[in-house]
Amino acid sequence: MEYVIEMLGIRKEFPGIVANDNITLQLQQGEIHALLGENGAGKSTLMNVLFGLYQPEQGEIRVRGKSVKITNPNIANDLGIGMVHQHFMLVDKFTVTENIILGKETKSGLKIDLKKAEQEVREISERYGLAVDPQAKIADISVGMQQRVEILKTLYRGAEILIFDEPTAVLTPQEIKELIQIMKTLIKEGKSIILITHKLKEIMEVCDRCTVIRKGVGIGTVNVRETNPNELASLMVGREVTFKTEKADAKPAQNVLEINDLVVKDSRGLTAVNNLKLSVKAGEILGIAGVDGNGQTELIESITGLRRSESGSIQLNGKEIRNLSPRKITEAGTGHIPQDRHKHGLVLDFPIGENMVLQTYYKSPFSKAGVLSFKEIYQKAKSLIQEFDVRTPSEYTLARALSGGNQQKAIIGREVDRNPDLLIAAQPTRGLDVGAIEFIHKRLIEQRDNGKAVLLLSFELDEILNVSDRIAVIYEGEIVAIVNPKETTEQELGLLMAGSKQKEVGEQTNV
Amino acid sequence: MSNRVKNIIVPIMAVILGILVGTIIMIVTGYDAVAAFTALWNGAFGEIYYTGEVIRQVTPLILAGLSVAFAFRTGLFNIGVEGQLIVGWLAAVWVGVAFNLPPVIHTLVAVLAAALAGALWAFIPGFLKAKFRVHEVIVTIMLNYTALHVTNYIIRTVLSEKSDRTEMIKETATLRSSFLEGLTDYSRLHWGIVIALIGVFIMWFLLEKTTRGYELRSVGFNQHASHYAGMNVNTNIILSMVISGAFAGLAGAMEGLGTFGYASIKGGFTGVGFDGIAVALLGGNGPIGVILAALLFGALKVGALNMPLESGVPNELVDIIIALIVFFVAASYMIRLFIDRISKKGVK
C-alpha cells in the first residue's frame with residue numbers, strides 16, 4: 001500500500017513537557033484517517049509539526065516515500081498539504097473569492113483579475129460539491145459555508161492532503177451531514193484526509209483507519225471497520241469508559257431554586273424569557289432542554305445576576321435574589337459553570353492559580369486587611385488542581401496555555417469547591433472529549449448526591465437524558481413541559497423542543 | 001529562551017539599535033559621533049552637578065511613566081498624563097502660594113493637592129468610560145488641551161494679575177533642599193525623587209499585592225469574567241483612571257514645587273506626560289522597568305544640552321535617538337523574531 005504521508009517516530013518537546021513522543025502516523029492514498037486523542041493529548045502539536053509550524057526533535061516525515069524537512073507552512077503548501085483550521089482564518093469584510101485568493105491572487109497587470117478568480121472558484125466548488133456563492137461576503141454566510149470557504153482555500157492552493165482540525169465542533173447536525181458528504185466527494189476525487197477529532201460517532205461513520213494518541217504517546221492505528229466506539233474510547237483514555245452515566249435514584253428534598261413569572265429581555269430588547277416558572281430541588285439534577293436561542297442563556301444570566309430581569313421572582317432557599325449583584329448571588333449560595341469559559345469563566349491572562357480564587361479572593365485566608373496572601377492562594381490552587389485532575393505544568397501557568405478540557409476542569413473545581421446549594425452548569429462539556437465529559441458528569445452527580453441542587457443547561461440531548469433527574473423543556477422563553485428522562489425518548493423531546501407538542505403536555509407541568 | 005529573559009533583552013536591544021542608527025545618522029550628516037557621545041555622557045554624568053540635574057529630570061519622568069504603566073496594566077490607555085500633570089502642577093503651586101502652613105506639612109498638602117487634582121482630571125475619562133463606554137483615548141487627548149488652556153486662564157486671571165506666571169511658592173511648601181543642592185554642586189535636585197520612589201513602591205504593592213490590585217488587573221484583562229466573579233467593573237475602571245491620574249498629578253508637583261517653584265503660562269505641552277508613555281513602553285509597564293527607562297531618558301535629555309557646546313552636534317539628535325528607541329520598542333516583534341532565530345541556531 002502506498003502512503004502519501006508518513007510521520008515516523010515523531011518526538012516534539014516543549015520546555016518541561018514532551019508533547020509528542022514516538023508517534024507514527026501513516027496516511028494512505030484516498031483514505032480518511034482519524035487522529036483521535038483527548039484534549040491536550042498532542043493532536044494539534046503533531047499536525048503543526050506536519051504543517052511546518054514546529055520542528056520535531058526526532059523522527060522523520062516522508063511525503064510519497066520521499067523524506068522531507070518541512071520548516072515552514074509554505075513548504076507544506078508546496079507539498080500539497082492543506083489545513084482546514086478549527087478557528088477560521090477569514091476576512092469578514094471580503095467576499096468568498098477574495099478570501100480564497102488572498103496571498104495567491106491572479107493578476108492582470110497590476111489589477112487583481114477577480115472575474116477569472118471567481119470563475120476558478122466556481123469550477124473548483126462545483127467539482128467537489130461545495131456549493132458557495134463566490135460573491136457573497138463572509139460576514140453574511142453561515143458558519144458551515146465559512147468552513148467550505150476554508151476547504152476551498154486549500155483546494156485552490158492545490159492541496160492533495162487535507163487536514164481537518166475538529167471540523168464539526170462548530171456545526172449544526174445538518175451541516176455535519178453535509179460536511180461528511182463533502183469529505184466523501186473529496187476522497188472520490190483522489191484527495192486524502194486526516195481528520196482530527198475526539199467524536200467517536202464521526203470516526204465510525206466516515207473514517208477508514210484511526211490513529212490514537214494518549215498523553216503525547218502514539219498508542220497505535222486501528223482499522224475502523226474492525227473496532228467499535230467502546231474500544232476507541234478506552235484506547236484514547238487508557239481505561240474503560242462508560243457512556244451511560246451510572247447513578248442512583250435521586251432523593252429530591254425541598255425547593256432550593258424557585259422561579260415564578262420571570263420575564264427577561266434579550267440584548268435587542270425582545271422578550272426572551274416569558275413568565276417562566278421553574279423549581280429545582282435539593283438532591284436533584286434538573287436539565288433544561290431546548291433549541292439554542294429559546295431563552296436559555298437569558299434565563300441563566302438572570303439567575304446569576306449577569307442580566308437584569310424585568311419582573312417576576314427568583315428565590316434561593318426562600319430568599320429573593322432577583323436583580324441582586326453577581327457577588328450577592330454568589331454569596332447567597334450559587335455556583336456557576338458558565339457557557340462561555342473564555343469570556344466569563346476565566347481571566348486567561350492570569351495564572352491558573354489566581355483563577356481559582358476569582359470569587360473568593362477578597363475573603364480570608366486569601367486576603368487579609370486588603371492584602372493578598374499568595375501562599376494561601378496557590379496552596380488552594382494546588383490542591384484543587386490535584387483533586388480535579390487539571391493537567392497543567394504548574395499552578396503558575398497562564399490559564400490561556402491550558403487545553404479546553406483542563407480549563408473547564410479548573411472552573412468546575414473552583415465552583416464545586418465553594419460547595420454551593422445551587423450549582424448552575426451551562427453546557428459544561430461543550431467541546432470536551434469523552435474522558436473529561438465522564439469526569440464532569442460524575443462531579444455533577446456527586447454534588448446532587450451530597451444534597452445540592454444542580455441546574456444543567458445543555459444542547460446535547462444525550463447529556464440531558466443521561467444526567468438529569470427531571471427535564472424541563474424550554475420553548476420561546478417558557479417551560480412547555482417537564483418530563484422524566486426514564487419515560488421519554490429523544491423523539492418526544494425533539495417534538496417538545498420544536499414547540500409542536502406544547503398543548504398536550506401543558507397540563508403536566510405542575511410538578 | 002524564557003519569556004522573562006526576552007522581556008528584558010528586547011528593551012536593551014531597542015536602546016542599542018536606537019543608538020546605533022543615531023550614530024549612522026551622525027556619520028552620514030558629517031558629525032563626529034564619538035565626540036557627540038562623549039559630550040552626551042559628560043553632560044549627564046561628567047560632573048556631580050549634571051548627575052543631580054539628571055535625577056531631577058528623572059523624577060517627573062518616573063511618575064509620568066508610572067501613571068501610564070498603571071493604567072495600561074489595568075486595561076486602559078491613559079494618553080492624558082500630560083493634562084493631568086499640568087493640572088497637578090497648578091494645584092500644587094496654588095496651595096504653595098495661597099496657604100500659610102508650617103514647613104513639611106505645607107509641602108505635603110501641596111503634593112497631595114497635586115495628586116488630587118490629577119486624579120479628578122482623570123476621573124472624567126474614567127467616568128465617561130464606565131458610564132457610557134466612551135473610549136478613554138479620545139477623552140484624555142481632548143482633556144490635555146482643556147487642561148492647558150484652563151490652567152493658563154487661571155494663572156492669568158486668578159493666580160496673578162494678567163501676568164504670565166504666578167508668584168513663587170512659599171518657602172514652607174518647597175521641595176527644594178539646600179542639602180541636596182549642596183551635595184550636587186548646586187544643581188536643582190530636590191526631594192521629589194524620594195516621592196517618585198515611594199510612588200514606584202506604591203504602584204508595585206497596590207497592583208501585585210493587594211486585593212484591590214487583583215480586581216484592577218482582572219478587570220483590565222477581562223471585564224466579563226470580572227463581572228461574573230462579582231467585581232464591580234465600573235468602579236474599577238474609574239479607580240484605575242483616578243490612581244493613574246494621581247501619579248500624573250504628582251509628576252506635576254515635582255515641577256511646581258521642586259524644579260520651578262511657580263507655574264507659568266505655557267504656549268504648549270511640557271512633553272513630560274508624553275515621554276511618560278515612552279518610559280512605560282520601554283520599561284515594560286513594570287515598576288523597576290519604569291525607573292530604568294526614566295533614568296535613560298532623563299540622562300539623554302540632560303546630556304543632550306551639552307552636545308552642541310562640547311561637540312557641535314545639535315541636541316535635536318538626542319530627540320531622534322529617543323524616537324528611534326521608541327520605534328524599536330514598538331517594533332519589538334522584529335527583535336523577538338531575531339532573538340528566536342539566534343537562539344534556535346544556538347541549539348543546533
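Predicted model: local features only at pLDDT ≥ 70, side-chain atom pairs only at ≥ 80, totals over all residues.
Chain A has a mean pLDDT of 89, with 96% of its residues at 70 or more. The pLDDT is below 50 over residues 503-511 of chain A. In the model, this stretch makes nine contacts beyond near neighbours in sequence.

Chain A contains an open sheet of four strands in the order β14-β13-β16-β17, with antiparallel pairing. The edges are formed by β14(A) (271-281) and β17(A) (319-320); each has a single partner strand, so one side of each has no neighbour in the sheet. Gln315(A) has Glu320(A) in β17(A) as its bridge partner. Helix α9(A) (residues 296-304) packs on the sheet, where it touches β13(A) (255-265), β14(A) and β16(A). The direction of α9(A) makes about 65° with that of β14(A).

Two backbone features were found in loops of chain A. Most residues other than glycine have a negative phi, and most peptide bonds are trans. Lys215(A), a residue other than glycine, has a positive phi, near 50°. Lys215(A) is placed in the loop between β11(A) (209-214) and β12(A) (217-223). The peptide bond from Ser364(A) to Pro365(A) is cis, and its omega is near 5°. Pro365(A) belongs to the loop between α12(A) (352-355) and β19(A) (367-368).

In chain B, two helix pairs were examined. Two packed helices are described by the angle between their axes and the distance between the axes. For α2(B) (residues 33-46) and α13(B) (residues 287-304), the axes come within 7 Å and cross at roughly 110°. The two helices α2(B) and α13(B) are therefore roughly perpendicular to each other. On the α2(B) side, the contact involves Leu40(B), Trp41(B), Gly43(B) and Ala44(B), which meet Ala299(B), Val302(B), Gly303(B) and Ala304(B) of α13(B). By class, this contact of α2(B) with α13(B) comprises six nonpolar and two polar residues, with no charged residues.

The second pair consists of α12(B) (residues 272-282) and α15(B) (residues 316-330), whose axes come within 10 Å and cross at roughly 45°. At this angle α12(B) and α15(B) are therefore oblique to each other, and their crossing is left-handed. Ala278(B), Leu281(B) and Leu282(B) from α12(B) meet Ile325(B), Val326(B) and Val329(B) from α15(B). The contact of α12(B) with α15(B) has six nonpolar residues and neither polar nor charged ones.

Between the chains, 22 residues of chain A are in contact with 14 residues of chain B. On the side of chain B that touches chain A, at least two residues each come from α9(B) (211-221) and α10(B) (223-228). Helix α9(B) gives the most to this side, with five residues. The side of chain B that touches chain A divides by class into five nonpolar, seven polar and two charged residues.

Technical notes:
Residues numbered from 1 in each chain as written. Chains lettered and ligands numbered in written order. Contact = placed C-beta atoms within 7 Å. Nonpolar A, V, L, I, M, F, W, Y, C, P; charged D, E, K, R; others polar. Axes fitted to C-alpha atoms, helices over the stretch in contact; angles between N-to-C directions. Parallel < 35°, antiparallel > 145°, perpendicular 65-115°, else oblique. Left-handed = near helix turned anticlockwise from the far one by under 90°. Pairing = 2+ DSSP bridges. pLDDT = per-residue confidence, 0-100.
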